[in-house]
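Subject: Structure handover

Hello,

Here is the structure for your set. My notes on what was found in it come after.

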Amino acid sequence: MARAQGARALMALAFETVYGTPPAGGFTRMPFASTSLGAEQPLLNSELLGYGRDPLAPIKDAVTADGDVVVPLDAEAFGFWLKAAFGAPITSGTGPWTHEFQSGAWTLPSITIETGMPEVPRYAMYSGCVLDQISWQMQRSGLLTATVRLVAQGETIGTTSSAGTPAALELKRFGHFNGSITRNGTSLGNLVSAEITYANNLDRIETIRNDGRIDGADPSIAALTGSIEVRFADSTLVSQAINGDPCELEFGYALPSGESLRLTVHAVYLPRPRIEISGPQGVQATFDWQAARDSTVGRMCTAILTNDIEVY
């Protein structure tokens, strides 16, 4: 008897034309490290009396479908998650192509995701998926992955795949070694680690339906936050925090073959940190930064992905 193994799990993704309606084709096979995407429907205990001490049958509550997907930061597949986070990009070039994703879109695309365990077999189709949050860390070593948080409308289970034969992508993965951070165009020195979190802060439309699903997930005020931990070598960042002035931070990755990813945060505000001397080792300071709309550029951030994919 075959048993489910994560090593054989599959994931396919396609953008929807109509929210909550899985497309007939156009799926792409996606690399992922793990996923908690799923649907759950709790039971409500009966409150009725008059039938003795043994309880009556419980009642089904509303369906909640959401979860996280841990994905690699790579030069091709990551563009699908950027499109889910920001909307369709502005693409230029003739190969390689440059895809510019801009924050501030009023509407976000919805996607259908199918996860499969062929040895069971079990194929779960999640329709109406909207990206709520995407986050990752920058550090000196280790595997570079991002966590994508999704809100879905519902789950459909089958024994065969509904995604057909997904298109395959060439995995060109970025690593921490390929990363860099600049402040106002100048390399930010003495940096130990950094965290980046972009959130659409989705508002679930929980209308009354006979299937218990939501009607949609609308984006509200976006948020781009994070932290940078630096070795305390000068007062540049502390002075900025005290003065309350914004700066521009750019988080970038580049491969020797030419592919690159750059997230430019146009107006970053730093809080005044506590500088602690905890021992004989080097002194470090952590700045929990927040981003805001830049009045000159007209948006909060811009992500630029350069690769061999013509259209997302």
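Before the notes, one cut-off: a residue counts as buried when its relative accessible area is under 20%, as exposed when it is over 50%, and as partly exposed in between. By that rule Glu 259 is buried, because its relative accessible area is 4%. The model is predicted.

Overall

The protein chain has two helices and 24 strands. Its C-alpha trace spans about 70 × 55 × 45 Å along the principal axes. Of its 312 residues, 43% count as buried. Among contacts in the chain with a separation of 6 or more, 70% are between residues 24 or more positions apart.

Salt bridges

There are 10 salt bridges in the structure. Three of them are described here, beginning with the one that involves Glu 259.

The side chain of Glu 259 meets that of Lys 172 in a salt bridge, at 2.9 Å from N to O. Glu 259 lies in the loop between strand 20 (247-254) and strand 21 (260-269), and Lys 172 in the loop between strand 13 (154-158) and strand 14 (179-183), so the pair ties together parts that are 87 residues apart in sequence. Lys 172 also counts as buried, at 15% relative accessibility.

Arg 204 and Asp 66 form another salt bridge through their side chains, at 2.8 Å from N to O. Because Arg 204 is in strand 17 (residues 202-205) and Asp 66 in strand 7 (residues 64-72), this pair ties together parts that are 138 residues apart in sequence. Arg 204 counts as partly exposed at 27% relative accessibility, and Asp 66 is partly exposed with a relative accessible area of 24%.

Arg 209 forms a salt bridge with Asp 211, with the closest N and O atoms 2.8 Å apart. Here Arg 209 counts as partly exposed at 31% relative accessibility, and Asp 211 counts as partly exposed at 32%.

Helix 1

How many of the nine residues of helix 1 are buried? Nine of the nine are, so the helix (residues 78-86) is largely enclosed by the rest of the structure. The buried residues are Phe 78, Gly 79, Phe 80, Trp 81, Leu 82, Lys 83, Ala 84, Ala 85 and Phe 86. Gly 87, just after the helix, takes a positive phi of about 105°.

Ile 134 is found in strand 11 (residues 122-138) and is buried, with a relative accessible area of 2%. Leaving aside neighbours within four places in sequence, its contacts include Phe 78, Trp 81 and Ala 85, which are among the buried residues of helix 1. Ile 134 is also in contact with Ala 146, Thr 147, Val 148, Ile 196, Thr 197 and Tyr 198. Between Ile 134 and Asn 190 the separation is 56 residues in sequence and 26 Å in space, C-alpha to C-alpha.

Cys 301 is found in strand 24 (residues 301-307). This residue is buried, with a relative accessible area of 1%. Beyond its neighbours within four places in sequence, Cys 301 is in contact with Phe 86, Phe 101, Gln 102, Ser 103, Tyr 198, Leu 224, Leu 263, Thr 264, Val 265 and His 266. Cys 301 and Thr 182 are 119 residues apart in sequence and 14 Å apart in space, C-alpha to C-alpha.

Thr 112 lies in strand 10 (residues 111-117) and is buried, with a relative accessible area of 0%. Its side chain makes a polar contact with the side chain of Glu 16, at 2.5 Å. Not counting residues up to four places away in sequence, Thr 112 touches, among others, Ala 12, Leu 13, Ala 14, Thr 21, Pro 22, Pro 23 and Phe 27. Met 125, Tyr 126 and Ser 127 are also among the residues that Thr 112 touches.

Largest pocket

About 380 Å³ of space lies in the largest pocket. This pocket is lined by 18 residues, and those closest to its centre are Gly 104, Ala 105, Ser 220, Ile 221 and Ala 222. By class, the lining has 11 nonpolar, five polar and two charged residues.

Regards

Note on methods
Residues are numbered from 1 along each chain as its sequence is written. This is a predicted model: local features need pLDDT of at least 70, side-chain atom pairs count only at pLDDT 80 or more; totals for chains, interfaces and linings use all residues. Side-chain values use heavy atoms; hydrogens and water are left out. Helices (H or I, at least four residues) and strands (E, at least two) are DSSP runs, numbered from the N terminus. Buried means under 20% relative accessible area, exposed over 50%, partly exposed in between (1.4 Å probe, protein chains only). A polar contact is a pair of N or O atoms within 3.5 Å; within protein, one must be able to donate a hydrogen and the other to accept it, and residues adjacent in sequence count only if both atoms are side-chain atoms. Contact means heavy atoms within 4.5 Å. On a 1 Å grid over the protein atoms alone, a cavity is a set of points where a 1.4 Å probe fits but cannot get out, and a pocket is an open set with protein on both sides within 12 Å along at least five of seven lines; lining residues have an atom within 4 Å of a point. Grid points are joined across faces, edges and corners, and a volume is the space filled by probe spheres set on the points. Ala, Val, Leu, Ile, Met, Phe, Trp, Tyr, Cys and Pro count as nonpolar, Asp, Glu, Lys and Arg as charged, and the others, Gly among them, as polar. A salt bridge is a side-chain nitrogen of Lys or Arg within 4 Å of a carboxyl oxygen of Asp or Glu.
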